[in-house]
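Have a look at the fold first, and then I'll talk you through a few spots.

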Amino acid sequence: MENREQARDKTLITDPKKINAAHENVQLIEWEDFDNELARLWSLTSALKEANEKKQSLQEKLQSLIQVKNESLNKLNELEEMRERLEARKVVMANMSTRCKVATEDAKKPEEMLSTEVRSLLVAGTSLSVARKQLQEANRLLTEERGCVKLKNVQRKLRARQQYMISQVSLLYPVKILVGPAQEQELESYSSGSRLGNPLASKPVNQGSLTILGLNLTLLPFTKMSFFTDKKEVQRSATALGYVAHAVSLIASYLQVPLRYPLRLGGSRSYINDHVSSVDPASSDLSLDTTLSANVKPVEFPLFLEGQDTTRAAYAVFLLNKDIEQLLNFIGVKSLGPRHVLANLKELLRSVQSSEYIDT
């Protein structure tokens, strides 16, 4: 501050124009007033110095205020940017919240289904635990001497019940032998070695003609059938085959044996099913490997001859005899052969009604 005043004083002294102006404005002061004037000038100088100091102080304060304001503006800008980022985050969080709500709603149904399945599993687990305990108890009882005896008694009762039910079938469809001079031939079928070959020659029954409910299963060999064949004889044989099919179905249900060739009962218009391999005709124009690919599906064969192909009818009788052989094998009896339908049925009825069946 003093340096600036000295420089200003030097400027006033060395500047000619200012010197002239000062000479022109020179005021003469009396000696008596010199002290007063000097005191006044000294007070003015002090006041000027104090004003300059205040000015300097105000300038410093102003600079500090400007700096604070700039810093405040920078902070405001940063706050504005942070506010914008916060708003963007709020939008993202709102979207995520919406998605979370949608996901929660979507998860409710699977959760309910899972809860239902869990409850079902718990119930099933409880039932399984109870069944396991019962099985363990049953095994414990069976391992004892009394348990084996009880099991054998239950088996005897079951076989006695089966024997009684099958005896009712025997009364319903009695198979008898009629001995007479005119011996008939039983309806023939294929042998077990061929499904699609020609039918074998018929074989006479030496011990007499078998009948079921008074009807003979007697048809001419299929190769000799023609338009002039007796239609009544064909109808009687179809009725007899219907009786046999019904009897076999009842016996299988009583013995709890699922037949290998299921029957569709319809009296004299009954059918038997065979799960044979059949090639799709639409694939005939493809390669050989494609045509040989087969789809397993059940095929029905008629147990009657009227209006049917004789080959299919013969194969149906062959399958019916196979069902009877299955039942014979189940009780441990040997079949009489693939051509003897009524003979095998009679042997089945006789074996089940014998006393050995209960004791086995």
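Predicted model: local features only at pLDDT ≥ 70, side-chain atom pairs only at ≥ 80, totals over all residues.

Residues are numbered from 1 along each chain as its sequence is written, and side-chain values use heavy atoms, with hydrogens and water left out.

Back to Ser351, then. Ser351 sits in helix H8, residues 341-353. Helices and strands here are DSSP runs (H or I, at least four residues, for helices; E, at least two, for strands), numbered from the N terminus. Is Ser351 buried or exposed? Buried, at a relative accessible area of 7%. The cut-offs are under 20% for buried, over 50% for exposed, and partly exposed in between, with a 1.4 Å probe and protein chains only.

As a geometry check, the 13 residues of H8 should span 18 Å, and the end C-alpha atoms are 19 Å apart, which agrees. The expected span is 1.5 Å times one less than the number of residues.

Now, what does H8 pack against? Two packed helices are described by the angle between their axes and the distance between the axes. For us, axes are lines fitted to C-alpha atoms, over the stretch in contact for helices, with angles from 0 to 180 degrees between N-to-C directions.

Take H7 and H8 first. They pack at an angle of about 20°, with their axes 10 Å apart. H7 and H8 are therefore roughly parallel to each other; under 35 degrees counts as roughly parallel, over 145 as roughly antiparallel, 65 to 115 as roughly perpendicular, and the rest as oblique. The H7 and H8 crossing is left-handed, that is, the near helix is turned anticlockwise from the far one by less than a right angle, with clockwise being right-handed. On the H7 side the contact includes Asn321, Ile324 and Glu325, and on the H8 side it includes Asn344, Leu345 and Glu347. By class, that contact between H7 and H8 divides into eight nonpolar, two polar and two charged residues. Nonpolar covers Ala, Val, Leu, Ile, Met, Phe, Trp, Tyr, Cys and Pro; charged is Asp, Glu, Lys and Arg; the others, Gly among them, are polar.

Next, H5 and H8. Their axes come within 12 Å and cross at roughly 30°, and H5 passes H8 in a left-handed crossing. Val244, Val248 and Ile251 in H5 meet Val341, Leu342, Leu345, Leu348 and Leu349 in H8. This contact of H5 with H8 has eight nonpolar, no polar and no charged residues.

The remaining pair is H5, residues 231-255, with H7, residues 310-330: axes within 11 Å, crossing at roughly 30°. H5 and H7 are therefore roughly parallel too, and their crossing is left-handed. Leu241, Val244 and Ala245 are among the H5 residues in that contact, and Asp323 and Phe330 are among those from H7. The tally for H5 with H7 is twelve nonpolar, no polar and one charged.

H7 is mostly covered, with 16 of its 21 residues buried. After H7 comes Gly332, with a positive phi near 85°.

Most residues other than glycine have a negative phi, and most peptide bonds are trans. Leu213, not a glycine, has a positive phi of about 55°. Leu213 lies in the loop between strands S2 and S3 and counts as partly exposed at 40% relative accessibility. Gln256 has a positive phi as well, near 60°; Gln256 is in the loop between H5 and strand S4, and at 67% relative accessibility Gln256 counts as exposed.

Zooming out to finish: the protein has nine helices and six strands, and 26% of its 360 residues count as buried.

Key
Contact = heavy atoms within 4.5 Å.
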